[in-house]
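Open your viewer and have the selection panel ready. We will go through this protein stop by stop.

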Amino acid sequence: MAVEDLLDRAVRNVEQGRFERSLSGLTAVAALVTGAEVYLEHYKASFGNKWMWSPILLTPPLVVAGIGGVFSKRWAKTALPVTAGLYAANGLLGEYFHARGVARKPGGWRLASYNLPMGPPISAPGLMAMVGGMGLLAAILRREK
């Protein structure tokens, strides 16, 4: 019976736009997973471009802000949107760098059927942008009751 009550409460909160704490926590977890994945993939590329370090540097502040947003409304309305906005912007910048990387390969975009699967992965930075977007969305939603 208690599980049904919790589910009903969670559904009611989402229907009323009250998802700030949960989405803050999900942002923190998603940033941690995304940052680890970016680190492993960029490590394989030997961090050839200094900008490749930026996602790794931006991940810990977003994780801390996401966890802070779970426990504090102030953190959810201040630190979380700032760090999430930087994370999303960095993801969009990554899209540019990855597209430029495909263009610089032999054949460039004319051989997209070969160059896109071989990397750099054109949609991977979009994950960063989406995680940042989750944090921004969490900041504008209302807190759960």
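Is the crossing of α5 and α7 left-handed or right-handed? Select α5 (79-104) and α7 (124-140) to look for yourself. The crossing of α5 and α7 is left-handed, a term used when the near helix is turned anticlockwise from the far one by less than a right angle, with clockwise being right-handed.

Before moving on, some ground rules. What you see is a predicted model, in which local features need pLDDT of at least 70 and side-chain atom pairs count only at pLDDT 80 or more, while totals for chains, interfaces and linings use all residues. Residues are numbered from 1 along each chain as its sequence is written, and side-chain values use heavy atoms, with hydrogens and water left out.

**The whole protein**

Zoom out and colour by secondary structure. There are seven helices and zero strands, where helices (H or I, at least four residues) and strands (E, at least two) are DSSP runs numbered from the N terminus. The C-alpha trace spans about 60 × 25 × 20 Å along its principal axes.

**Back to α5 and α7**

These two helices pack at an angle of about 160°, with their axes 7 Å apart. Axes here are lines fitted to C-alpha atoms, for helices over the stretch in contact, and angles run from 0 to 180 degrees between N-to-C directions. α5 and α7 are therefore roughly antiparallel to each other; that label is for angles over 145 degrees, with under 35 roughly parallel, 65 to 115 roughly perpendicular and the rest oblique. Show side chains at the contact (heavy atoms within 4.5 Å): among them are Leu80, Tyr87 and His98 of α5 and Met128, Val131 and Leu136 of α7. By class, this contact has 13 nonpolar, nine polar and one charged residues. Ala, Val, Leu, Ile, Met, Phe, Trp, Tyr, Cys and Pro count as nonpolar, Asp, Glu, Lys and Arg as charged, and the others, Gly among them, as polar.

**Next, α3 against α5**

The contact includes Leu58 and Leu62 of α3 and Leu86 and Tyr87 of α5. Its residues are ten nonpolar, five polar and no charged.

**Last stop: the largest pocket**

Which residues lie nearest the centre of the largest pocket? Select His42, Met52, Phe97, His98 and Pro120, out of 24 lining residues. On a 1 Å grid over the protein atoms alone, a pocket is an open set of points where a 1.4 Å probe fits, with protein on both sides within 12 Å along at least five of seven lines, and lining residues have an atom within 4 Å of a point. About 480 Å³ of space lies in it, volume being the space filled by probe spheres set on the points, which are joined across faces, edges and corners. α5 gives the largest share of the lining, seven residues. The lining divides into twelve nonpolar, eight polar and four charged residues.
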